[in-house]
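Subject: Structure handover

Hello,

I am passing on the structure we talked about. Please open it and keep it in view while you read the notes below.

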Amino acid sequence: MAKEYHTINQIAGPLVFVEKTEPIGYGELVQIALPDGSTKRGQVLDTSDEVVVIQVFEGTGGIDRSSGVKFLGETVKMPVAKDMLGRILNGSGDPLDNGPPIIPEKRLEIIGAAINPWARDNPQEFIQTGISSIDGMNTLVRGQKLPIFSGAGLPHNDIALQIARQAKVLGGKEEFAVVFAAMGITSEEAQYFMKDFERTGALKRAVVFLNLADDPAIERLLTPRLALTTAEYLAFDLGMHVLVILTDITNYSEALRQIGAAREEVPARRGYPGYMYTDLASMYERAGRIKGKKGSITQFPILSMPGDDITHPIPDLTGYITEGQIVASRDLHRKGIFPPIAVERSLSRLMGQGIGPGRTREDHRAVSDQLYAAYAEGRDLRGLVAIVGKEALSDRDRKFLDFADAFEDRFTRQGKDEDRTIEQTLDLGWELLSMLPTDSLTKIDRKFIEKYHPTVKKK
Amino acid sequence: MATKETGRISRVAGPVVTAEGISPRMYDVVLVGELKLMGEVIKLVGKKTVIQVYEDTSGIRPGEVVVDTGAPLQVELGPGLLSSVYDGVQRPLPVLRETQGDFVSRGITAPGLDRKKKWEFTPLVKKGDEVGRGTILGEVPEGNIIHRVLAPNDAKGKIKSISSGDFTVEDVIGQLDSGYELKLMQKWPVRQARPYVEKLMPDIPLVTGQRVLDMLFPLAKGGTAAIPGGFGTGKTVTSQQLSKWSDAQIVIYVGCGERGNEMTEVLTTFPELEDPKTGKPLMGRTVLIANTSNMPVAAREASVYTGITIAEYYRDMGYDVSLMADSTSRWAEAMREISSRLEEMPGEEGYPAYLAARLSEFYERCGRVKVFSGGIGSISVIGAVSPSGGDFSEPVTQNTLRIVKVFWALDSKLRERRHFPAINWLTSYSLYSPILEDWYRKNVAEDWNQVRLWAMETLQKESELQEIVQLVGSDALPEEQRLTLDVARMIREFFLQQSAYHAVDTYSPLKRQYEYMSAIKRFSELAKKAISLEVPLERISSLQSRTDLGKLKFEETMDADLKKVAAEMDKQFASLGA
Ligand SMILES: Nc1ncnc2c1ncn2[C@@H]1O[C@H](COP(=O)(O)OP(=O)(O)OP(=O)(O)O)[C@@H](O)[C@H]1O
Ligand SMILES: [Mg+2]
């Protein structure tokens, strides 16, 4: 039985300082007994002969100098089992759904060790999301981490849900699962997700972790790690293809900043700790595939950019770690376009590995490059038109201008339940490109133009 | 050898551990805790020793043992480095996977060089020969090269014996009169630069096969370049392109705090590619150091030193080595993280005050030099920089730019329009251009430089004209200026844009680059003449040869096509009545 100490000498923000302990391990799990009989959990952040610093997950409210502190002799672990599918847990991993207790098959460290880069398998299986601006322009593959960069009031949840509903690997019939981790979102938002999971039957294949807006902020540092540990178990022990949705990373990062401030650390930018890159990476890098293992982890972190600012440290550091990003655009949203995905600012770095003959279609790369170039040109012209008027444009320029409008209206825009195949997406791309003079399609090999261009191809 | 001293841990705070009871030297390697985690002494205060630990310290407690090994962090140098994949402190990742599984766990060490493998050694010295540091003792075939076995720094005297045959890296291959034993392997402390005779002028280009780099902003063998850019602008792709195609004999790729999947990509694509110079497998000239973002930060901090030390070793054999560090910002952040745990007084944005000094020490270790083995070797360094918020005014970018001679500025605006490589042609520069002119003139074409200057000027003019166009539209410009815009567009879209993913376009030899730009220049001259004869620009722009110039870069037959198009071009202009 672990010894209980009553030697708290300082409490500051989320931190508790305990003196005169026996040697305590770094990262050890801690239980604090409050005078009112309740208990809180925490973790050792700093340990020395003199003092042990504990970060308390549920907040320090109610803890006093005489509270009892027990060190549990091990780091934080997550009990995992196949039965977790279909269950709803709180941000600390305890059931919220009045269901039976989960009988663990394993207890795993939640600070996952890094996958040995040598053991990783190259992610290259195309995931069809049915959304043209993703499939056609920013293709997702299994094992990728692709965040959605959004802003307050934008429909990022709808985008995430549509992806979760429609995502499939062509010709594949493997077991899949969804792990959903909410960090500091409102219960209304959480309900929105839960309803959709229920409606589509996805809940049966999902494990849900909920840390809501009114739950303790520091617990948010735990929630995604519990979720990812579960995901790793499902993927690499049970061989499932797991889609992990983490929302909202912004709330997570705020909690991280809070800890840094409480420890009086020297901050890097905008008060966020200097190790935020490393910390975020320790979550995002838990996506991927492993050689010789069946399962995979594909991550969809969602984050709201404070002030729509993509250079803010949270989206910035995320973008440096993830394999691209899907950026939601306020402009498109205002124009009433759903999904409001700004393709020019979005990127999938693993696209090259997932597309082409045998995966999607031989003309995929060329079509998407050309759509990008033409759309960029059309968008530039919009600025010019605002000054000189459409009449001053050459015939060629006018075509590009019309193309950009059509691209948003027909390619980007689609219904919330509209599930386009990759062929439909690419054919739609060709149809739009046929609005342009054929000799301006400089990014496409002649052989593809002859084969796919609707007005050039030989019938 | 110092005796191994033991002490006890008094504090653990993340990767920083404090110990008592040992009196090591700075930068000695110590083994921390019962798990024997590897760490390095980074500060001595009073009786306390502060250690940065290369592995996760979870569960380590005060009171556990620490052992001073009495030696600094070293790498093993010898045959077997090429084709290896290491973490930041030279632990071979394939071996770690075999011994501990798919995830990197703690407290396991594995030597950098395989102890069992035998290498065929042919001596080049004989009994009685005088040897000193850097003397070539003999040769071993390794990967794509001949590995020259060099006498270690402290070896001095006459050869007493030397053998030929198959040896492991630990076998004794010979002896000096003094009894000094010679082996295929030597060790070197990573934080100390290996010596050379003298630095030489870097006057030979590192040919990269990337048009925008070779033609506009060339790097010299032994030179330094920085590639700063916001996320997703192309630092990694550019670094990888250089490690695939540059004409270095040895490539060291340091994945410093970046993505695991990127290393996998390198590991899957490199074995399928050929060294453009020797036609042998690319891995045979490559050493990969992969310390991804989720691997321990202290090992990340060490990874660039591990990389540059291996680079120096091959340089000392007289080879041209290029080292890519992706990303030096992650290295700087590792320094920041450790420094903040030490509660040091921070400089700008929390980075330690010695950031600038560390960066310049690192870049100083490259150069083209005369080596002790007699020849000339070089290390070129290409450092990716990941500025926070994509803002080049931050400390890592600024301190790097004060040192390096080539600046390849990646631009998010170009990336958004999928102009790749997204290197901004107006803000980038190379201070080597004037030094390399001569080489290009002699080895590629007499008028290489004129062609280059013409391209730069055209792009410059375009940017000036663009400002006017933004106000009044292009129709308001005279034909000749509109032609300049059109030609600049050809330079951008045809020449500067180069797809790393296209089988043909990915690599462009210098001669081809020259012919290509010359053809565009020729088109421009003919067009100018046509315009002076009042041929409308629309007709010029819709000539077949213009379209062809844009597309031929994707064809296997590009060189022949270029000749054809050049000839066609003359005919087509003639038919315009010009
Ligand atoms: N030369 C190129 N040819 C074709 N595509 C390119 C080229 N350079 C970059 N890209 C595209 O840009 C994407 C991002 O490039 P890259 O991964 O090199 O960015 P990065 O600057 O290293 O970003 P980060 O800092 O986040 O690591 C690539 O996945 C690829 O789609
Ligand atoms: Mg990169």
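Predicted model: local features only at pLDDT ≥ 70, side-chain atom pairs only at ≥ 80, totals over all residues.

Residues are numbered from 1 along each chain as its sequence is written, chains are lettered from A and ligands numbered from 1 in the order in which they are written, and side-chain values use heavy atoms, with hydrogens and water left out.

Chain B and chain A

The contact (heavy atoms within 4.5 Å) involves 80 residues of chain A and 76 residues of chain B. Together the two chains bury about 6600 Å², and 51% of that is on carbon and sulfur atoms. Buried area here is the accessible area, taken with a 1.4 Å probe, that two parts lose on being put together, summed over both.

There are 6 salt bridges across this interface. A salt bridge is a side-chain nitrogen of Lys or Arg within 4 Å of a carboxyl oxygen of Asp or Glu. One pair with a salt bridge is Glu377(A) and Arg489(B), at 2.8 Å from N to O. Between chain B and chain A, 37 residue pairs are in polar contact, with both residues at pLDDT 80 or more. A polar contact is a pair of N or O atoms within 3.5 Å; within protein, one must be able to donate a hydrogen and the other to accept it, and residues adjacent in sequence count only if both atoms are side-chain atoms.

On the side of chain B that touches chain A, helix 4 (residues 260-269) of chain B gives the most, with 8 residues. Helices (H or I, at least four residues) and strands (E, at least two) are DSSP runs, numbered from the N terminus. That side of chain B has 27 charged, 25 polar and 24 nonpolar residues. Asp, Glu, Lys and Arg count as charged, Ala, Val, Leu, Ile, Met, Phe, Trp, Tyr, Cys and Pro as nonpolar, and the others, Gly among them, as polar.

The chains also pair through strands, for which DSSP must find at least two bridges. Strand 5 (residues 39-48) of chain A runs antiparallel to strand 1 (residues 5-13) of chain B, and 2 bridges join them. Val12(B), in strand 1 of chain B, has Thr47(A) opposite.

Domains of chain B

An automatic or database domain assignment sets the bounds: domain 1 (5-71), domain 2 (114-184), domain 3 (198-431) and domain 4 (448-575) of chain B. In chain B, the C-alpha centres of domain 1 and domain 3 are 31 Å apart. Of the area that domain 1 buries against domain 3, 45% comes from Pro15(B), Gln52(B) and Tyr54(B), more than from any other three residues. The interface of these domains has 0 salt bridges and 1 residue pair in polar contact (both at pLDDT 80 or more).

Salt bridges and a sheet

Over all chains, the structure holds 80 salt bridges. Glu377(A) also meets Arg396(A) in a salt bridge, at 3.0 Å from N to O. Glu377(A) lies in helix 10 (residues 364-388) of chain A and Arg396(A) in helix 11 (residues 395-412) of chain A, 19 residues apart.

In chain A, 3 strands make an open antiparallel sheet in the order 12-11-14.

Regards
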